[in-house]
Amino acid sequence: MVQKSCTEAGGRPRGRPRSFDPDTALDRAVEVFWRLGFEAADTDALASAMGLTKPSVYAAFGNKEQLYLKALQRYGQRGRAEITALLEAAPSMRAGINAVFNHMAERVSGQHGGSGCLLTCVAAQSAHSMLPVREILEAGIAARDKAFTEFLRSGIARGELPAGFPVERRASLMNDLLSGLALRARAGASLEELREIGASATEAILAGA
């Protein structure tokens, strides 16, 4: 009898589902890490959520730490892309800032995934012991600071903000307030409460405009 060492009948690689989609599997890993954190998310739970066998997880994404880093990067990239789209579509400074805070309130509320933010509330816990995690966090903060700074500068160019408006400081404040929103969500704040905080944050960002 001829043994099938690499494939099963029909030519499918052993241990891998027929409809394996890396992005979908990674999104499911994001959800597990978001809910459980790095330490508590064991490979059995990750593989089950991703719809893969453990050997397939290792083959596609590496070990647990490598999978965690990929999940953090995907989460951060998607979040920044969503924020960029909101700012680009905004008809005004106030509308854009308010849209970002409303979006973040919805995202961290727990209604569409884990509560809080995977980066702010989960990854930050391991940043001191895992250098790659700290680098991902630093890069994400810098990228958001840059996006908010450019948006506020465009407000000066359009005449919505005064020439001396402190764009760098307010961009950093906006970033920090968004992180604070995520922490409040993790602590149990409701979506309505988060939206109210976001409205106040918008006023703080535009103070003096």
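## Helix Packing Exercises

In helix α5, M93, R94, I97, N98, F101, N102, A105, E106 and V108 meet L191, L194, R195, G198, A199, A201, T202, E203, I205 and L206 of helix α9. Here, contact means heavy atoms within 4.5 Å, and helices are DSSP runs (H or I, at least four residues), numbered from the N terminus.

The model is predicted: local features need pLDDT of at least 70, side-chain atom pairs count only at pLDDT 80 or more, and totals for chains, interfaces and linings use all residues. Residues are numbered from 1 along each chain as its sequence is written, and side-chain values use heavy atoms, with hydrogens and water left out.

**Exercise 1.** Work out how α5 and α9 are arranged, and which classes of residue make up their contact.

*Solution.* 
- Step 1: Find the two helices, α5 at residues 93–108 and α9 at residues 191–206.
- Step 2: Take the axes, which are lines fitted to C-alpha atoms over the stretch in contact, with angles from 0 to 180 degrees between N-to-C directions. The axes of α5 and α9 are 9 Å apart, and the packing angle is about 150°.
- Step 3: Name the arrangement. Angles over 145 degrees count as roughly antiparallel, under 35 as roughly parallel, 65 to 115 as roughly perpendicular and the rest as oblique; that makes α5 roughly antiparallel to α9.
- Step 4: α5 passes α9 in a right-handed crossing, the term for a near helix turned clockwise from the far one by less than a right angle (anticlockwise is left-handed).
- Step 5: Sort the residues. The contact of α5 with α9 has 11 nonpolar, 4 polar and 4 charged residues, where Ala, Val, Leu, Ile, Met, Phe, Trp, Tyr, Cys and Pro count as nonpolar, Asp, Glu, Lys and Arg as charged, and the others, Gly among them, as polar.

**Exercise 2.** How do the axes of α4 and α6 cross, and which residues make the contact?

*Solution.* 
- Step 1: Helix α4 (residues 64–89) and helix α6 (residues 118–126) have axes that come within 11 Å and cross at roughly 150°. That makes α4 roughly antiparallel to α6.
- Step 2: α4 passes α6 in a left-handed crossing.
- Step 3: α4 contributes Y68, A71, L72, Y75 and G76, while α6 contributes L118, L119, V122, A123 and S126.
- Step 4: These residues of α4 and α6 divide into 8 nonpolar, 2 polar and no charged.

**Exercise 3.** Which residues of α6 are buried, and what covers them?

*Solution.* 
- Step 1: Buried means under 20% relative accessible area, exposed over 50% and partly exposed in between (1.4 Å probe, protein chains only). In α6, the buried residues are L118, L119, C121, V122, A123 and S126.
- Step 2: Their cover includes α1, α4, α7 (131–157) and α8.
- Step 3: Take S126, which counts as buried at 8% relative accessibility. Apart from its neighbours within four places in sequence, S126 contacts Y68 and V133.

**Exercise 4.** Describe the aromatic pairs that W34 and F38 form with Y75 and Y68.

*Solution.* 
- Step 1: Rings of Phe, Tyr and Trp (its six-membered ring) pair if their centres lie within 6.5 Å; planes under 30 degrees apart are stacked, over 60 edge-to-face and the rest tilted. There are 4 aromatic pairs in the structure.
- Step 2: W34 and Y75 are edge-to-face, 5.2 Å centre to centre with 75° between the planes. W34 lies in helix α1 (residues 22–40) and Y75 in helix α4, so the pair ties together parts 41 residues apart in sequence. Both W34 and Y75 are buried.
- Step 3: F38 and Y68 are tilted, 4.7 Å centre to centre with 35° between the planes. Their pair links helix α1 to helix α4, 30 residues apart.
- Step 4: F38 counts as buried at 14% relative accessibility, and Y68 at 0%. F33, F38 and Y68 form one aromatic cluster.
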